[in-house]
Each structure stands twice: as structure tokens, then as C-alpha cells.
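I opened this model to take notes on its rings, cores, sheets and loops. The entries follow in the order I looked things up.

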Amino acid sequence: MGTSYRRGGAGNGHFDCSGFVKTVFAHFRKELPHSSAAQAQTVQRISREEAVPGDLVFYEGRTRNLHVGHVGILTQIDQDGDFAFIHASTHAGVIISRNAEPYYACRLVGFGRVLPAI
């Protein structure tokens, strides 16, 4: 938490969103590409209803072009379907955010699974 953001970062005290996800899953011996769009193409895509903590959540980037530009890891899913996710934010580094925050609420693209659900 709080590790600073750096575009292209994947460790050594700096992460971008996909570098953070890549580094976390490397600890589980799961190799992912260093691009949120490539990660979205690599993992098994799942529905919102199937998503569990540990799955990935994909968002549009700032360009709002319906293409994946940001990724995080689900940390909590509430009974009402709202959720929290950990990610590397350009402004605050590695933080936990909520899907209902205005920036994210209108940018959701989908979900993906790297590890089997238990």
C-alpha cells in the first residue's frame, strides 16, 4: 500500500497498474504480460456475478474509448454487488478503491480470472 506510481514500473518501489498485477501474480507462479489490455486478453473473462476476491477488474483508461486501460485486483465484494479493488493509481500509488467512486463507476469494462476460484 502506498508504493508510488511510475509508468512501466513493476517493482523496486514503483508500479503502474499492470506492473502491480503482474508482480502480485508472479508470487503465485502465474506469468502475466505487462499491459492491462494484454492481461485482459490473456486471462479467462468472467461475469460480474462470477467474480470473487483475487479476480481482476478492468477499466477504460482516461481516453474513455471502451478499451482496457486500467486493471486492479478485487479485494472485497459486498452483498449488493459493489466491490473494492487494489491497484496502482497514477495520483496515489498502490491503494484500495471502490467501484462506486465516480471515476471508476462509468469506466468498468469487465472481469477476469487468473487463478481457479476456491
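**Entry 1: aromatic rings**

Which residues form one aromatic cluster? I found Tyr 59, Phe 83, Phe 85, Tyr 103, Tyr 104 and Phe 111 in it. Before going on, I noted that this is a predicted model, where local features need pLDDT of at least 70, side-chain atom pairs count only at pLDDT 80 or more, and totals for chains, interfaces and linings use all residues. Residues are numbered from 1 along each chain as its sequence is written, and side-chain values use heavy atoms, with hydrogens and water left out.

I then counted pairs: the structure holds 8 aromatic pairs. My criterion was that rings of Phe, Tyr and Trp (its six-membered ring) pair if their centres lie within 6.5 Å; planes under 30 degrees apart are stacked, over 60 edge-to-face, and the rest tilted.

I looked at Tyr 59 and Phe 85. Their pair is tilted, at 5.2 Å centre to centre and 35° between the planes. It links distant parts of the chain: Tyr 59 belongs to strand 5 and Phe 85 to strand 7, 26 residues apart. For elements I used DSSP runs numbered from the N terminus (helices are H or I, at least four residues; strands are E, at least two). Both Tyr 59 and Phe 85 are buried. I took buried as under 20% relative accessible area, exposed as over 50%, and partly exposed as in between (1.4 Å probe, protein chains only).

Next I checked Tyr 103 and Tyr 104. They form an edge-to-face pair, 5.0 Å centre to centre with 80° between the planes. Tyr 103 is partly exposed, at 35% relative accessible area. Tyr 104 is buried, at 9%. I also saw the charged end of Arg 107 over the ring of Tyr 103, 3.8 Å from its centre. That call requires NZ of Lys or CZ of Arg within 6 Å of the ring centre and within 35 degrees of the ring normal.

**Entry 2: nonpolar cores**

I listed the nonpolar cores (sets of buried Ala, Val, Leu, Ile, Met, Phe, Trp, Tyr and Cys residues joined through side-chain atoms within 4.5 Å). The largest has 17 residues, and Phe 20, Val 21, Phe 25, Leu 56, Phe 58 and Ile 73 have the most contacts inside it. Helix 1 (17-26), strand 5, strand 6 (68-77) and strand 7 each give it two or more residues. Helix 1 supplies the largest share, 4 residues.

Leaving out residues up to four places away in sequence, Phe 25 touches Lys 30, Leu 32, Gly 54, Leu 56, Ile 73, Val 114 and Leu 115. Contact here means heavy atoms within 4.5 Å. Apart from this core lies another, of 9 residues, among them Ile 46, Leu 74, Phe 83 and Phe 111.

**Entry 3: strand pairing**

I turned to strand 9 (residues 108-113). Strands pair if DSSP finds at least two bridges between them. Strand 4 (residues 44-46) runs antiparallel to strand 9, with 3 bridges. Gln 44 stands opposite Arg 113 there. Strand 5 (residues 56-60) also runs antiparallel to strand 9, over 4 bridges. Phe 58 has Gly 110 as its bridge partner in strand 9.

In the open sheet of 3 strands, I read the order 1-3-2 and mixed pairing. Strand 1 (4-5) and strand 2 (10-11) are at the edges with a single partner strand each, so one side of each lacks a neighbour in the sheet. Strand 2 and strand 3 (residues 14-15) are antiparallel, joined by 2 bridges.

**Entry 4: loops with positive phi**

Most residues other than glycine have a negative phi. Arg 29 has a positive phi, near 60°. It sits in the loop between helix 1 and helix 2 (36-42). Arg 29 is exposed, at 77% relative accessibility. Leu 66 has a positive phi too, of about 70°. Leu 66 lies in the loop between strand 5 and strand 6. Its relative accessibility is 73%, so Leu 66 counts as exposed.

**Entry 5: whole chain**

The chain has 3 helices and 9 strands. Buried residues make up 41% of its 118 residues. Its C-alpha atoms fill a box of roughly 35 × 30 × 25 Å along the principal axes.
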